[in-house]
Amino acid sequence: INDQTGTIFVDPEGAELETIKILDEFRPEQASGGLISFGGFSLAVGNPSGRRRTLGYRYYESILPLRRRAFVVGTVSDNGNTLTIQKPDDSGQHFLVSLKTEEQLTKAAEKNAKIVFYVMVGCWVAGVVLLLAAVIF
């Protein structure tokens, strides 16, 4: 990450990455094994057992674009005299690389918390109604 305060490296291993999907498609299997090609890569496939059948393959590709603002939450460490943001040692802490701002993430979390609260209240009310119905009938 490079901003007006300087540069810091980000090791994305183990991060929740918010990316932009650029490819999501299903390609059906060719009739008798055959060749899978994607760009300059080709792989010969066959069906040695004869019992299993592959319908096709799902291709999914996403990117984290350059020259875009990013919000990163993680732990900063000094690896070999280079500051690096990486996954926290404590498993209870988050490691996030997002294209959204802190405010957008906070609003989304608040909205999800409200939805979960209303679902909980609805389940509680439904439970009380079912309990009363079981006692009455």
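Visitor: Leaving aside residues up to four places away in sequence, which residues does Ser-77 touch?

Guide: This is a predicted model, and in it Ser-77 lies in strand β10. Once residues up to four places away in sequence are left out, the residues that Ser-77 touches are Thr-82, Leu-83, Thr-84 and Gln-86.

Visitor: Which residue's side chain makes a polar contact of 3.2 Å with the side chain of Ser-77?

Guide: Gln-86 is one of the residues that Ser-77 touches, and strand β11 covers residues 82–86. The 3.2 Å polar contact joins the side chain of Ser-77 to that of Gln-86.

Visitor: Is Ser-77 buried or exposed?

Guide: The cut-off for a buried residue is a relative accessible area under 20%. Ser-77 has a relative accessible area of 15%, and it therefore counts as buried.

Visitor: In which sense do β10 and β11 pair, and over how many bridges?

Guide: One of the bridge pairs is formed by Asn-79 and its partner in β11, Thr-82. Taken as a whole, the pairing of β10 with β11 is antiparallel, over 5 bridges.

Visitor: Why is one side of β3 and of β10 left without a neighbour in the sheet?

Guide: The open sheet has 3 strands in the order β3-β11-β10, with mixed pairing. Because β3 (9–10) and β10 (75–79) stand at the edges, each has a single partner strand.

Visitor: Which residues make up the largest nonpolar core?

Guide: In soluble globular proteins, nonpolar side chains tend to be buried together. Here, buried residues make up 13% of the 137 residues in the chain. Ala-15, one of the core residues, touches Phe-95 and Val-97 when residues up to four places away in sequence are not counted. The largest nonpolar core has 6 residues, namely Ile-8, Ala-15, Val-72, Ile-85, Phe-95 and Val-97.

Visitor: What is the phi of Arg-67 near?

Guide: Arg-67 is found in the loop between β8 (56–63) and β9 (71–73), and at 87% relative accessibility it counts as exposed. Most residues other than glycine have a negative phi. In Arg-67, by contrast, phi has a positive value, near 60°.

Visitor: How many helices and strands does the chain have, and what pattern do they follow?

Guide: The secondary structure comes to 1 helix and 12 strands. Read along the sequence, the pattern is β-β-β-β-β-β-β-β-β-β-β-β-α.

Definitions and conventions. Residues numbered from 1 in each chain as written. Predicted model: local features only at pLDDT ≥ 70, side-chain atom pairs only at ≥ 80, totals over all residues. Heavy atoms only, no water. Helix = DSSP H or I, 4+ residues; strand = E, 2+ residues; numbered from the N terminus. Buried < 20%, exposed > 50% of the residue type's maximum accessible area, 1.4 Å probe, protein only. Core = buried A, V, L, I, M, F, W, Y, C linked by side-chain atoms within 4.5 Å. Contact = heavy atoms within 4.5 Å. Pairing = 2+ DSSP bridges. Polar contact = N/O pair within 3.5 Å; in protein donor to acceptor, adjacent residues only side chain to side chain.
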